[in-house]
Amino acid sequence: MQTISLPLSLAAARRTALAAQGFADPRPASPPTRRHLSRVLSRVQLLQLDSVNVAVRAHYMPLFSRLGAYEPALVDDAAWEHRPRRPRLLVESWAHEASLLPVEDWPLLRSGAKRDGWWRHYAQEVETVPGLVEDILAVVKDQGPIGAGAIEKALETEAVRRGPGAWWERSLVKRACEYLFGLGQLTTGTRRSFERLYDLTERVIPPEVLSRRVSVEEGARGLIERSARALGVGTEPDLRDYYRLGPDVSRRAVADLVEAGTLEPVRVDGWRAVAYRHSAARTPRTIRGRALLCPFDPLIWERARTERLFGFRYRIEIYVPEPKREYGYYVFPFLLDGALCARVDLKSDRAAGVLRVQGAFAEPDVDTPRVSAELAAELRHMAEWLGLDGVAVGKRGDLATPLRRALA
């Protein structure tokens, strides 16, 4: 039976995508709670982790973008604390990249639907050292949650007891820990100053979740369904990218979900490939509000999709030599009423107590006075959330002077 693709305007696709990511919801009037966190997670599905801390840690910012000021301990408690009456909501795993995701999604990621990550290259090296994996697991079982450096010290002490020839290169221990993390035998028990402290997965994931077995096909369908729910509408490669699935398993899952009625094929104006809209997606008439988006916000992960949806070409320039950067080191797109209308290069200067705007750039044909006023208000809000005293604007960019006036 031939599948008919329904037409969808680009504007409608954009509103659908923004609603799916939670940008059609008003920010709460009262301080956000665990219930608000759960609501955001039901939309975005996961939070990417990243070691860069120029402005704010990547996993904290998507919630601020959608909820406004909140207590970061809300995320910390959900991810790295476990109490009898308050079980943890999130667990760390490789998903899009290193991510926090709902505990109940663990079986989907361990189903075999997701391709192994870069850590798989450690397998041959780790396996050439007899007993290394067993020794690491024994140390973690005895002392965890524990960091890689502390594991090294514990193994070194044991090697002294065993005598000559029992030790190995220290960096191999760290690689072995990441290998075991990738396999799912270890996960993050907690973090200390963002250092990952490893623990046995069986002590982090509830037994009823850990014991649930999911086939490759079921895992792929579950992950693609979550991708589609988070994106609202996207092409098959868009859906695949959200959890970094392989093309073959992704295409089969998309076909199954279309047949089941979970996904609806659509033709978005200007898109070459067929797109798929989740059956539960909604398309509001308008999108109102503003948000600063960190480089790792799930709305803009897939740069080609960002350009197709918003006409906004965005690249992260962390690894670009400074003289060759177009906009700056850590640039936040600014979302206003459903459009990406500006970008700012941000840095939290703790010593000076200010949020530094090292560059500010407007997109073509925007209402500069309004964009400047709204951006100034959001930057003040972000600075206050970060515990900074104010905002300082540098000279780079065509929006710098209007933004400085708006802040004044």
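These legends describe close-up views of a predicted model. Local features need pLDDT of at least 70, side-chain atom pairs count only at pLDDT 80 or more, and totals for chains, interfaces and linings use all residues. Residues are numbered from 1 along each chain as its sequence is written, and side-chain values use heavy atoms, with hydrogens and water left out.

**View 1. Helices α15 and α16 cross at roughly 60 degrees.** Helix α15 spans residues 368–385 and helix α16 spans residues 400–407. Helices (H or I, at least four residues) and strands (E, at least two) are DSSP runs, numbered from the N terminus. The two axes come within 8 Å. Axes are lines fitted to C-alpha atoms, for helices over the stretch in contact, and angles run from 0 to 180 degrees between N-to-C directions. α15 and α16 are therefore oblique to each other (under 35 degrees is roughly parallel, over 145 roughly antiparallel, 65 to 115 roughly perpendicular, the rest oblique). On the α15 side, T368, S372, A373, L375, A376, L379 and R380 make the contact; on the α16 side, P402, L403, A406 and L407 do. Contact means heavy atoms within 4.5 Å. By class, eight residues are nonpolar, two polar and one charged (nonpolar: Ala, Val, Leu, Ile, Met, Phe, Trp, Tyr, Cys and Pro; charged: Asp, Glu, Lys and Arg; polar: the others, Gly among them).

**View 2. Helices α11 and α12 pack at about 105 degrees.** α11 covers residues 216–231, α12 residues 236–243, and their axes are 8 Å apart. The pair is therefore roughly perpendicular. L223, I224, R226, S227, A228, A230 and L231 of α11 meet D238, L239, R240, Y242 and Y243 of α12. These residues divide into eight nonpolar, one polar and three charged.

**View 3. T235 is buried in strand β7.** The strand runs over residues 233–235. Relative accessibility of T235 is 5% (buried is under 20% relative accessible area, exposed over 50%, partly exposed in between; 1.4 Å probe, protein chains only). Not counting residues up to four places away in sequence, T235 touches W271, A273, V274, A275, Y276 and R308.

**View 4. D25 is a buried loop residue.** D25 sits between α1 (10–20) and α2 (34–44). Its relative accessible area is 18%. The D25 side chain makes a polar contact with the R43 side chain at 2.8 Å (a pair of N or O atoms within 3.5 Å; within protein, one must be able to donate a hydrogen and the other to accept it, and residues adjacent in sequence count only if both atoms are side-chain atoms). Leaving aside neighbours within four places in sequence, D25 contacts R39, R43 and R282.
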